[in-house]
Amino acid sequence: MRVAIREAERCLGWGDVPVGAVVVRDREAVAWAGNERERRGDPTAHAETLALSRASERLGTWRLEGCTLYVTLEPCAMCAGAAVLARVDRVVFGAADPKAGFAGSLGDLLRDPRLNHRAIVTGGVLAEECGALLKAFFRDRREEGG
């Protein structure tokens, strides 16, 4: 999760919401990313989707069985769906997202029994640290009038 936090902090350099993600297999980080929606002008450039794509490229397969996705914020519906479709075994997240989270807050795509794959989910890992980064980002934006 510390690597994911570092990726989230990097997002501040280009003005993006500070969310970071890391894909780990056999205790080795194989791919990592931070949000790049603002940087790329792409609504799908979330940290999770970028990290999953990079992991698939590095591992040579879209099936990320045996992998864990660490992310600083509870995944949204798109990212939870991407993790399911990539066959990620486990998702570990920091701060819960009551407004958009789909790993238990608004819904739970990661463990939905109607889908052909389910992931093990662990939430709240370094939640205070992950949440503090997000709170500071949005506080600063409000103060700047943005």
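**Salt bridges and overall form of a predicted protein chain**

Good morning. I begin with helix α1, residues 2–11: because E7 and R10 stand three residues apart in it, about one helical turn separates them. Helices here are DSSP runs of H or I with at least four residues, strands are runs of E with at least two, and both are numbered from the N terminus. The side chains of E7 and R10 meet in a salt bridge, at 2.8 Å from N to O. By salt bridge I mean a side-chain nitrogen of Lys or Arg within 4 Å of a carboxyl oxygen of Asp or Glu.

Residues are numbered from 1 along each chain as its sequence is written, and side-chain values use heavy atoms, with hydrogens and water left out.

Buried means under 20% relative accessible area, exposed over 50%, and partly exposed in between, with a 1.4 Å probe and protein chains only.

A second salt bridge joins the side chains of E28 and R58, at 3.2 Å from N to O. This pair links distant parts of the chain, 30 residues apart: E28 lies in strand β2 (residues 28–34) and R58 in helix α3 (residues 47–59). E28 is partly exposed, with a relative accessible area of 40%, and R58 is partly exposed, with 48%.

Salt bridges with shared partners join E36, R39, R40 and R54 into one network. Within it, E36 counts as buried at 9% relative accessibility, while R40 is partly exposed at 46%. The count of salt bridges comes to 10.

I turn now to the whole chain. Five helices and five strands make up its secondary structure, in the order α-β-β-α-α-β-α-β-β-α along the sequence. The radius of gyration, taken over C-alpha atoms, is 14 Å, close to the 15 Å that the globule rule gives for 146 residues, so the chain is as compact as a globular protein of that length. That rule is 2.2 Å times the number of residues to the power 0.38. Finally, 47% of the 146 residues count as buried. Thank you.

Technical notes
Predicted model: local features only at pLDDT ≥ 70, side-chain atom pairs only at ≥ 80, totals over all residues.
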